[in-house]
Amino acid sequence: SEGDMTSLSPKVYSEALLVKRRSMCVSGRFRQAEVDPGSCFESIRKPTLQKIIALFNSLNDEADLFHSQQIALSCVCDLVGCERSELYLVDHANKRLYMQTENNSEMRIPMAGTLAGFAVETEKTHYINDVKNDARFRDMFSKATMPRDVLVVPILGKDCVVSVVVASNKQKGFFCKQDGIIMELIGKQVGIHATTIQMYNKLADEAFKTSIFLELSRDITDVQLDMDQMMCRIMSKARLVLKVERATIFLTDHEKNELWSILIDSETAETLNDVGNIIRVPVGVGLAGHTAETGEILNISDVQSSHLFNGAFD
(Lines give C-alpha, C1' and ligand atoms only; values in the text may rest on other atoms or scores of the structure.)
Protein backbone atom coordinates (compact mmCIF):
# COMPACT_ATOMS: atom_id res chain seq x y z
CA SER A 1 0.00 0.00 0.00
CA GLU A 2 1.11 3.61 -0.47
CA GLY A 3 1.32 4.16 3.28
CA ASP A 4 3.70 1.24 3.72
CA MET A 5 6.03 2.58 1.00
CA THR A 6 6.73 5.96 2.59
CA SER A 7 10.10 4.74 3.91
CA LEU A 8 11.35 4.36 0.33
CA SER A 9 13.33 7.10 -1.38
CA PRO A 10 11.22 9.45 -3.55
CA LYS A 11 12.53 7.88 -6.78
CA VAL A 12 11.94 4.28 -5.66
CA TYR A 13 8.55 5.31 -4.19
CA SER A 14 7.36 6.79 -7.48
CA GLU A 15 8.63 3.81 -9.48
CA ALA A 16 6.94 1.43 -7.03
CA LEU A 17 3.64 3.24 -7.58
CA LEU A 18 4.13 2.82 -11.33
CA VAL A 19 4.75 -0.91 -10.89
CA LYS A 20 1.62 -1.12 -8.76
CA ARG A 21 -0.54 0.58 -11.38
CA ARG A 22 0.93 -1.56 -14.19
CA SER A 23 0.23 -4.72 -12.20
CA MET A 24 -3.40 -3.75 -11.58
CA CYS A 25 -4.34 -2.85 -15.14
CA VAL A 26 -2.44 -2.95 -18.40
CA SER A 27 -4.47 -1.74 -21.38
CA GLY A 28 -7.23 -4.15 -20.43
CA ARG A 29 -5.10 -7.14 -21.47
CA PHE A 30 -4.47 -8.63 -18.03
CA ARG A 31 -6.97 -9.44 -15.33
CA GLN A 32 -6.41 -8.32 -11.77
CA ALA A 33 -4.53 -10.95 -9.80
CA GLU A 34 -6.12 -13.10 -7.09
CA VAL A 35 -3.81 -11.38 -4.62
CA ASP A 36 -4.35 -7.62 -4.82
CA PRO A 37 -1.13 -6.23 -6.35
CA GLY A 38 -1.48 -3.15 -4.18
CA SER A 39 -0.99 -5.25 -1.05
CA CYS A 40 2.11 -6.99 -2.40
CA PHE A 41 4.35 -4.11 -1.29
CA GLU A 42 3.45 -4.84 2.33
CA SER A 43 5.39 -8.11 2.17
CA ILE A 44 8.09 -7.33 -0.42
CA ARG A 45 11.22 -5.83 1.10
CA LYS A 46 12.88 -2.73 -0.27
CA PRO A 47 15.94 -4.52 -1.84
CA THR A 48 13.64 -7.01 -3.58
CA LEU A 49 11.38 -4.24 -4.82
CA GLN A 50 14.37 -2.33 -6.17
CA LYS A 51 15.51 -5.43 -8.10
CA ILE A 52 12.05 -5.84 -9.60
CA ILE A 53 12.02 -2.18 -10.68
CA ALA A 54 15.53 -2.57 -12.15
CA LEU A 55 14.31 -5.63 -14.08
CA PHE A 56 11.35 -3.72 -15.51
CA ASN A 57 13.64 -0.89 -16.61
CA SER A 58 16.06 -3.31 -18.28
CA LEU A 59 13.20 -5.00 -20.14
CA ASN A 60 12.27 -1.66 -21.69
CA ASP A 61 15.69 -1.61 -23.39
CA GLU A 62 15.55 -5.23 -24.63
CA ALA A 63 14.07 -5.86 -28.07
CA ASP A 64 14.78 -9.61 -28.23
CA LEU A 65 12.02 -11.75 -26.72
CA PHE A 66 14.29 -14.69 -25.86
CA HIS A 67 16.88 -12.55 -24.10
CA SER A 68 14.24 -10.56 -22.21
CA GLN A 69 12.69 -13.78 -20.92
CA GLN A 70 16.08 -15.12 -19.88
CA ILE A 71 16.75 -11.90 -17.94
CA ALA A 72 13.37 -12.19 -16.22
CA LEU A 73 13.80 -15.89 -15.37
CA SER A 74 17.25 -15.21 -13.93
CA CYS A 75 15.64 -12.56 -11.73
CA VAL A 76 12.96 -15.04 -10.64
CA CYS A 77 15.64 -17.53 -9.55
CA ASP A 78 17.45 -14.80 -7.63
CA LEU A 79 14.43 -13.32 -5.84
CA VAL A 80 12.53 -16.54 -5.17
CA GLY A 81 15.67 -18.50 -4.34
CA CYS A 82 15.15 -21.46 -6.66
CA GLU A 83 17.46 -23.50 -8.86
CA ARG A 84 15.44 -23.27 -12.07
CA SER A 85 12.60 -21.24 -13.56
CA GLU A 86 10.72 -21.52 -16.86
CA LEU A 87 8.21 -19.43 -18.78
CA TYR A 88 5.64 -21.06 -21.05
CA LEU A 89 3.39 -19.21 -23.47
CA VAL A 90 -0.02 -20.74 -24.13
CA ASP A 91 -1.45 -21.73 -27.51
CA HIS A 92 -5.09 -22.48 -26.63
CA ALA A 93 -6.13 -23.22 -30.22
CA ASN A 94 -3.71 -26.17 -30.50
CA LYS A 95 -3.66 -27.01 -26.77
CA ARG A 96 0.09 -26.60 -26.61
CA LEU A 97 2.67 -24.73 -24.55
CA TYR A 98 5.69 -23.18 -26.14
CA MET A 99 8.96 -21.70 -24.99
CA GLN A 100 10.84 -19.01 -26.84
CA THR A 101 14.33 -20.12 -27.89
CA GLU A 102 17.18 -18.37 -29.63
CA ASN A 103 16.87 -16.94 -33.15
CA ASN A 104 13.10 -16.38 -32.72
CA SER A 105 12.49 -20.14 -32.68
CA GLU A 106 10.01 -21.98 -30.49
CA MET A 107 9.91 -25.29 -28.65
CA ARG A 108 6.37 -26.65 -28.37
CA ILE A 109 4.99 -29.33 -26.05
CA PRO A 110 1.46 -30.70 -25.49
CA MET A 111 -0.46 -28.97 -22.71
CA ALA A 112 -1.89 -32.21 -21.34
CA GLY A 113 0.12 -34.06 -18.71
CA THR A 114 2.22 -31.08 -17.61
CA LEU A 115 2.22 -28.92 -14.50
CA ALA A 116 2.02 -25.78 -16.59
CA GLY A 117 -0.96 -27.24 -18.45
CA PHE A 118 -2.61 -28.04 -15.11
CA ALA A 119 -2.20 -24.39 -14.07
CA VAL A 120 -3.74 -23.26 -17.37
CA GLU A 121 -6.72 -25.54 -16.80
CA THR A 122 -7.34 -24.51 -13.18
CA GLU A 123 -6.25 -20.84 -13.54
CA LYS A 124 -4.78 -21.09 -10.04
CA THR A 125 -1.33 -20.86 -8.44
CA HIS A 126 -0.09 -24.20 -7.11
CA TYR A 127 2.46 -24.73 -4.33
CA ILE A 128 3.74 -28.31 -4.53
CA ASN A 129 6.28 -28.91 -1.78
CA ASP A 130 6.81 -32.65 -2.29
CA VAL A 131 6.46 -33.60 -5.95
CA LYS A 132 7.81 -37.12 -5.50
CA ASN A 133 5.04 -38.09 -3.09
CA ASP A 134 2.23 -36.16 -4.77
CA ALA A 135 0.22 -38.68 -6.79
CA ARG A 136 -1.25 -35.91 -8.97
CA PHE A 137 2.08 -34.84 -10.45
CA ARG A 138 4.86 -37.37 -9.86
CA ASP A 139 4.08 -39.30 -13.07
CA MET A 140 4.69 -36.12 -15.08
CA PHE A 141 8.43 -36.43 -14.46
CA SER A 142 11.12 -39.03 -14.96
CA LYS A 143 13.49 -39.82 -12.10
CA ALA A 144 16.17 -37.70 -13.75
CA THR A 145 13.98 -34.61 -14.14
CA MET A 146 11.76 -34.79 -11.05
CA PRO A 147 12.12 -31.64 -8.91
CA ARG A 148 11.85 -31.61 -5.11
CA ASP A 149 9.24 -28.86 -5.06
CA VAL A 150 7.52 -26.61 -7.59
CA LEU A 151 5.66 -23.30 -7.67
CA VAL A 152 3.44 -22.85 -10.73
CA VAL A 153 1.92 -19.42 -11.39
CA PRO A 154 -0.53 -18.80 -14.27
CA ILE A 155 -0.54 -15.29 -15.76
CA LEU A 156 -4.12 -14.31 -16.47
CA GLY A 157 -4.96 -12.32 -19.57
CA LYS A 158 -8.27 -10.61 -20.23
CA ASP A 159 -10.07 -13.82 -21.17
CA CYS A 160 -7.71 -16.69 -20.36
CA VAL A 161 -4.27 -17.73 -19.13
CA VAL A 162 -1.66 -16.29 -21.51
CA SER A 163 1.48 -17.72 -19.91
CA VAL A 164 2.75 -19.78 -16.98
CA VAL A 165 5.81 -19.20 -14.80
CA VAL A 166 7.29 -22.29 -13.13
CA ALA A 167 9.92 -22.26 -10.37
CA SER A 168 11.44 -25.47 -9.01
CA ASN A 169 13.81 -26.64 -6.26
CA LYS A 170 13.59 -23.93 -3.59
CA GLN A 171 17.08 -23.62 -2.09
CA LYS A 172 15.95 -22.81 1.46
CA GLY A 173 12.65 -23.80 3.05
CA PHE A 174 9.46 -24.02 1.00
CA PHE A 175 7.79 -21.85 -1.59
CA CYS A 176 5.55 -19.26 0.04
CA LYS A 177 2.84 -16.73 -0.84
CA GLN A 178 5.39 -13.94 -1.35
CA ASP A 179 7.24 -16.07 -3.93
CA GLY A 180 3.98 -16.38 -5.85
CA ILE A 181 3.38 -12.62 -5.71
CA ILE A 182 6.90 -11.89 -7.00
CA MET A 183 6.54 -14.39 -9.85
CA GLU A 184 3.15 -12.96 -10.80
CA LEU A 185 4.50 -9.40 -10.87
CA ILE A 186 7.42 -10.42 -13.06
CA GLY A 187 5.28 -12.70 -15.21
CA LYS A 188 2.76 -9.94 -15.96
CA GLN A 189 5.49 -7.48 -16.93
CA VAL A 190 7.14 -10.07 -19.19
CA GLY A 191 3.73 -10.71 -20.72
CA ILE A 192 3.29 -7.01 -21.48
CA HIS A 193 6.81 -6.84 -22.89
CA ALA A 194 6.29 -9.98 -24.99
CA THR A 195 3.03 -8.59 -26.41
CA THR A 196 4.80 -5.39 -27.45
CA ILE A 197 7.68 -7.27 -29.11
CA GLN A 198 5.32 -9.68 -30.86
CA MET A 199 3.27 -6.78 -32.25
CA TYR A 200 6.44 -5.11 -33.53
CA ASN A 201 7.74 -8.36 -35.00
CA LYS A 202 4.41 -9.00 -36.69
CA LEU A 203 4.49 -5.57 -38.34
CA ALA A 204 8.10 -6.11 -39.41
CA ASP A 205 7.24 -9.57 -40.74
CA GLU A 206 4.30 -8.21 -42.76
CA ALA A 207 6.55 -5.52 -44.25
CA PHE A 208 9.10 -8.21 -45.16
CA LYS A 209 6.45 -10.39 -46.79
CA THR A 210 5.12 -7.44 -48.76
CA SER A 211 8.60 -6.69 -50.13
CA ILE A 212 9.01 -10.37 -51.11
CA PHE A 213 5.66 -10.41 -52.92
CA LEU A 214 6.49 -7.21 -54.80
CA GLU A 215 9.86 -8.65 -55.80
CA LEU A 216 8.22 -11.89 -56.92
CA SER A 217 5.61 -9.97 -58.92
CA ARG A 218 8.39 -8.23 -60.81
CA ASP A 219 10.07 -11.58 -61.48
CA ILE A 220 6.87 -13.12 -62.83
CA THR A 221 6.43 -10.29 -65.33
CA ASP A 222 10.00 -10.77 -66.56
CA VAL A 223 9.51 -12.39 -69.97
CA GLN A 224 13.16 -13.45 -70.07
CA LEU A 225 12.65 -16.08 -67.34
CA ASP A 226 11.89 -19.61 -68.50
CA MET A 227 9.59 -21.98 -66.57
CA ASP A 228 12.39 -23.66 -64.58
CA GLN A 229 13.79 -20.32 -63.43
CA MET A 230 10.32 -19.08 -62.53
CA MET A 231 9.58 -22.15 -60.38
CA CYS A 232 12.95 -21.82 -58.64
CA ARG A 233 12.20 -18.18 -57.82
CA ILE A 234 8.75 -18.99 -56.45
CA MET A 235 10.03 -21.86 -54.28
CA SER A 236 12.91 -19.77 -52.92
CA LYS A 237 10.58 -16.89 -52.02
CA ALA A 238 8.08 -19.28 -50.45
CA ARG A 239 10.74 -20.61 -48.09
CA LEU A 240 11.57 -17.09 -46.99
CA VAL A 241 7.97 -16.02 -46.44
CA LEU A 242 6.83 -19.21 -44.71
CA LYS A 243 10.13 -19.71 -42.81
CA VAL A 244 10.36 -23.37 -43.76
CA GLU A 245 13.22 -25.65 -44.77
CA ARG A 246 11.69 -26.72 -48.08
CA ALA A 247 8.93 -25.56 -50.44
CA THR A 248 7.83 -27.18 -53.68
CA ILE A 249 5.43 -25.96 -56.35
CA PHE A 250 3.75 -28.57 -58.55
CA LEU A 251 2.17 -28.00 -61.96
CA THR A 252 -0.59 -30.26 -63.26
CA ASP A 253 -0.22 -32.27 -66.45
CA HIS A 254 -3.88 -33.07 -67.22
CA GLU A 255 -3.07 -35.30 -70.18
CA LYS A 256 -0.93 -37.63 -68.07
CA ASN A 257 -3.02 -37.06 -64.90
CA GLU A 258 0.06 -36.28 -62.87
CA LEU A 259 1.87 -33.44 -61.13
CA TRP A 260 5.39 -32.40 -61.93
CA SER A 261 7.97 -30.09 -60.41
CA ILE A 262 11.62 -29.30 -60.84
CA LEU A 263 13.94 -30.26 -58.00
CA ILE A 264 16.18 -27.47 -56.74
CA ASP A 265 17.41 -29.68 -53.90
CA SER A 266 20.17 -31.90 -55.32
CA GLU A 267 20.09 -34.19 -52.28
CA THR A 268 16.39 -34.92 -52.83
CA ALA A 269 16.97 -35.50 -56.55
CA GLU A 270 19.71 -38.04 -55.75
CA THR A 271 17.46 -39.83 -53.23
CA LEU A 272 14.70 -40.19 -55.82
CA ASN A 273 17.19 -41.25 -58.52
CA ASP A 274 15.73 -38.56 -60.72
CA VAL A 275 18.06 -38.09 -63.67
CA GLY A 276 16.17 -35.23 -65.27
CA ASN A 277 15.88 -33.28 -62.02
CA ILE A 278 12.10 -33.59 -62.34
CA ILE A 279 9.74 -35.11 -59.77
CA ARG A 280 6.45 -36.58 -60.99
CA VAL A 281 3.51 -37.49 -58.75
CA PRO A 282 0.26 -39.19 -59.87
CA VAL A 283 -2.85 -37.16 -59.12
CA GLY A 284 -4.53 -38.64 -56.05
CA VAL A 285 -1.29 -40.06 -54.60
CA GLY A 286 0.48 -38.55 -51.59
CA LEU A 287 -0.15 -35.16 -50.05
CA ALA A 288 0.24 -33.04 -53.19
CA GLY A 289 -1.68 -35.59 -55.25
CA HIS A 290 -4.57 -35.55 -52.77
CA THR A 291 -4.78 -31.75 -52.88
CA ALA A 292 -4.65 -31.77 -56.68
CA GLU A 293 -7.52 -34.25 -56.80
CA THR A 294 -9.77 -32.74 -54.12
CA GLY A 295 -8.74 -29.08 -53.94
CA GLU A 296 -8.43 -29.51 -50.17
CA ILE A 297 -5.87 -27.43 -48.22
CA LEU A 298 -3.85 -29.67 -45.90
CA ASN A 299 -2.23 -28.47 -42.68
CA ILE A 300 -0.73 -31.53 -40.98
CA SER A 301 1.34 -31.31 -37.80
CA ASP A 302 2.63 -34.92 -37.92
CA VAL A 303 2.98 -35.79 -41.59
CA GLN A 304 4.27 -39.34 -41.35
CA SER A 305 1.34 -40.43 -39.18
CA SER A 306 -1.18 -39.18 -41.75
CA HIS A 307 -2.97 -41.82 -43.85
CA LEU A 308 -2.38 -39.56 -46.86
CA PHE A 309 1.40 -39.73 -46.52
CA ASN A 310 3.15 -41.76 -49.22
CA GLY A 311 6.82 -42.35 -48.55
CA ALA A 312 7.59 -42.93 -52.23
CA PHE A 313 6.51 -39.43 -53.22
CA ASP A 314 6.29 -37.30 -50.07
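**Entry 1: a word to start with**

Two strands count as paired if DSSP finds at least two bridges between them. I keep that in mind while I look at Met 99, whose bridge partner in β3 is Met 107. A reminder to myself: this is a predicted model.

**Entry 2**

Strand β2 (residues 96–101) and β3 pair in the antiparallel sense, and I count six bridges for them. Both belong to an open sheet of six strands with antiparallel pairing, and I wrote down the order as β3-β2-β1-β6-β5-β4. Which strands are at the edges? They are β3 (105–110) and β4 (126–128), each pairing on one side only.

Next I asked what packs here. Helix α4 (residues 65–80) packs on the sheet and touches β1 (82–91), β2 and β6 (161–170). The direction of α4 makes about 135° with that of β1. Helix α6 lies across β1, β2, β4, β5 (150–156) and β6, and α6 runs at about 45° to β5.

**Entry 2: α4 against α6**

Who makes the contact? On the α4 side I noted Leu 65, Ala 72, Val 76 and Leu 79 among them, and on the α6 side residues including Asp 179, Ile 186, Val 190 and Ile 197. By class, the contact of α4 with α6 has 12 nonpolar, four polar and one charged residues.

**Entry 3: α3 against α6**

Another helix meets α6. The axes of α3 (residues 46–60) and α6 (residues 177–220) come within 11 Å and cross at roughly 10°. Do they run parallel or antiparallel? Angles under 35 degrees count as roughly parallel, so α3 and α6 are roughly parallel to each other. From α3, the contact is made by Thr 48, Ile 52, Leu 55, Phe 56 and Leu 59. From α6 come Ile 182, Leu 185, Ile 186, Gln 189, Val 190 and His 193. I sorted the contact of α3 with α6 by class and found eight nonpolar, three polar and no charged residues.

**Entry 4: α6 against α7**

I kept going along α6 and came to helix α7. α6 and α7 pack at an angle of about 175°, and their axes are 10 Å apart. α6 and α7 are therefore roughly antiparallel to each other. Phe 208, Ile 212, Phe 213 and Leu 216 are among the α6 residues here, and they belong to a contact that includes Met 230, Ile 234, Leu 240 and Val 241 of α7. How do the residues of the contact of α6 with α7 divide? I get nine nonpolar, no polar and five charged.

**Entry 5: the three-stranded sheet**

Helix α7 (residues 227–242) lies across β7 and β8, running at about 85° to β8. These strands sit in an open sheet of three strands, ordered β7-β8-β9, with antiparallel pairing. Its edge strands are β7 (251–253) and β9 (278–282), and each pairs on one side only. I checked β7 and β8 (residues 258–262), which pair in the antiparallel sense over three bridges. In β8, Leu 259 is the bridge partner of Thr 252. Neighbouring strands of this sheet are turned by 30° against each other on average, direction ignored.

**Entry 6: rings**

Last, I looked for aromatic pairs, and the structure holds zero of them. I did find a charge over a ring: the charged end of Arg 108 sits over the ring of Tyr 98, 4.4 Å from its centre.

Conventions
Residues numbered from 1 in each chain as written. Predicted model: local features only at pLDDT ≥ 70, side-chain atom pairs only at ≥ 80, totals over all residues. Heavy atoms only, no water. Phe/Tyr/Trp six-rings, centres within 6.5 Å; stacked < 30°, edge-to-face > 60°. Lys NZ or Arg CZ within 6 Å of the ring centre and 35° of its normal. Axes fitted to C-alpha atoms, helices over the stretch in contact; angles between N-to-C directions. Helix = DSSP H or I, 4+ residues; strand = E, 2+ residues; numbered from the N terminus. Parallel < 35°, antiparallel > 145°, perpendicular 65-115°, else oblique. Contact = heavy atoms within 4.5 Å. Nonpolar A, V, L, I, M, F, W, Y, C, P; charged D, E, K, R; others polar.
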